[in-house]
Amino acid sequence: MYKIAVLPGDGIGIEIVPEAIKALQAISERFGHEFQFTEALIGGAAYDAVGHPLPESTLSTCRESDAVLLGAIGGPKWESLPVHLRPEVGALLPLRKELGLYANLRPCMLFPSLIQASTLKEEVITGVDLMVIRELTGGLYFGEKSREATADGGQKATDILSYSTYEIERIVRFAYETARKRRHKLCSVDKANVIETSRLWRETVTELAKEYPDVETSYMYVDNCSMQLIRNPRQFDVIVTENMFGDILTDEASMLTGSIGMLPSASIGGQVGVYEPSHGSAPDIAGQSKANPLATILSAAMMLRYAFSLEEEARTIELAVLKVLEEDYRTPDLMETGKKLVNTVQMGDLIKERILNS
Ligand code: IPM
Ligand code: MG
């Protein structure tokens, strides 16, 4: 039996997570696995209910599970709370830190039937298949922060950016191992021409590269990488980078897949991994059954693959997504003329149906 903590969170989180559970239940029915789901509160929903965005009980539910399925957190309602109580800083970052999730995997694969949904040209994105590995528990996100008054009556704000050799080594090693299972290419992204942590990052990669002669290592500055991602994304196999660069580059890279609603993610490295879509809680479309549940459903597939080593089951979910898209079903974010518009629940039902009957 696999124990799964379910944290729907806020906004569209509460709409997309049930669709991923449906997909997992269909897998359980078809392959005879038993999944036990335990729901817990996180984000604004938790703040409203118990006064804190990451209650201790939620953390222990996660720790006692084999994997965590997370929706999305945050929204305008909680943006004016003191920083430590806001869903992002008060829940998501501590959850990553507490569970030791230093490696964030964001695979960018273009489903061929979505070529037209992207804002980018067909000849640029055809065949895109890359994996961004983002360091997730270090860097600016977790560095010391402070404010002080300045003599001119203004303020000075500081965020410390630091990385240790240890932190760099473990994520880069992880990226090399991933590259070995793919096309044996690793691109390390930094800003070593300006930033000291990036210089240590590059030196560390250069050392590790000697241990992976079978993987072709390249180095790229982050500004160049952001350009190369839309100029010629097929040049990339695995990209490894620090926390903030990875945050920015993966939003950009999501457009290679047609919509940010298609980008799943896995955050791993500790005892229990968190599987969640790369997008946010989308307050503007929340409650209208307009959200695309596919990134969450694909995150559930990543859970099967990485947490439970159920490769065939993971592929079954991915193939169901492929099929439903080939049959022209589209949520609003992917909609084009001539396609069949479906809502969040209908999309989830279609995926479930294809998992059961394929
Ligand atoms: C992401 C998100 C988060 C991040 C936010 C919600 C704090 O953008 O997972 O990419 O910046 O890491
Ligand atoms: Mg982000």
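Q: How many salt bridges are there between domain 1 and domain 2?

A: A salt bridge is a side-chain nitrogen of Lys or Arg within 4 Å of a carboxyl oxygen of Asp or Glu, and the count between domain 1 and domain 2 is zero. This is a predicted model, in which local features need pLDDT of at least 70 and side-chain atom pairs count only at pLDDT 80 or more, while totals for chains, interfaces and linings use all residues. Residues are numbered from 1 along each chain as its sequence is written, and side-chain values use heavy atoms, with hydrogens and water left out.

Q: Where do domain 1 and domain 2 lie in the chain?

A: Bounds of this kind come from an automatic or database domain assignment, which here gives domain 1 as 1–107 + 259–358 and domain 2 as 119–137 + 163–257. Taken over C-alpha atoms, the centres of domain 1 and domain 2 are separated by 25 Å.

Q: What area is buried between domain 1 and domain 2?

A: The size of an interface is often given as the accessible area lost when the parts come together. With a 1.4 Å probe and the loss summed over both parts, about 1600 Å² is buried between domain 1 and domain 2, and carbon and sulfur atoms give 61% of it. Of the area that domain 1 buries against domain 2, Tyr102, Asn104 and Arg106 supply 42%, more than any other three residues.

Methods: Chains are lettered from A and ligands numbered from 1 in the order in which they are written. Buried area is the accessible area (1.4 Å probe) that two parts lose on being put together, summed over both.
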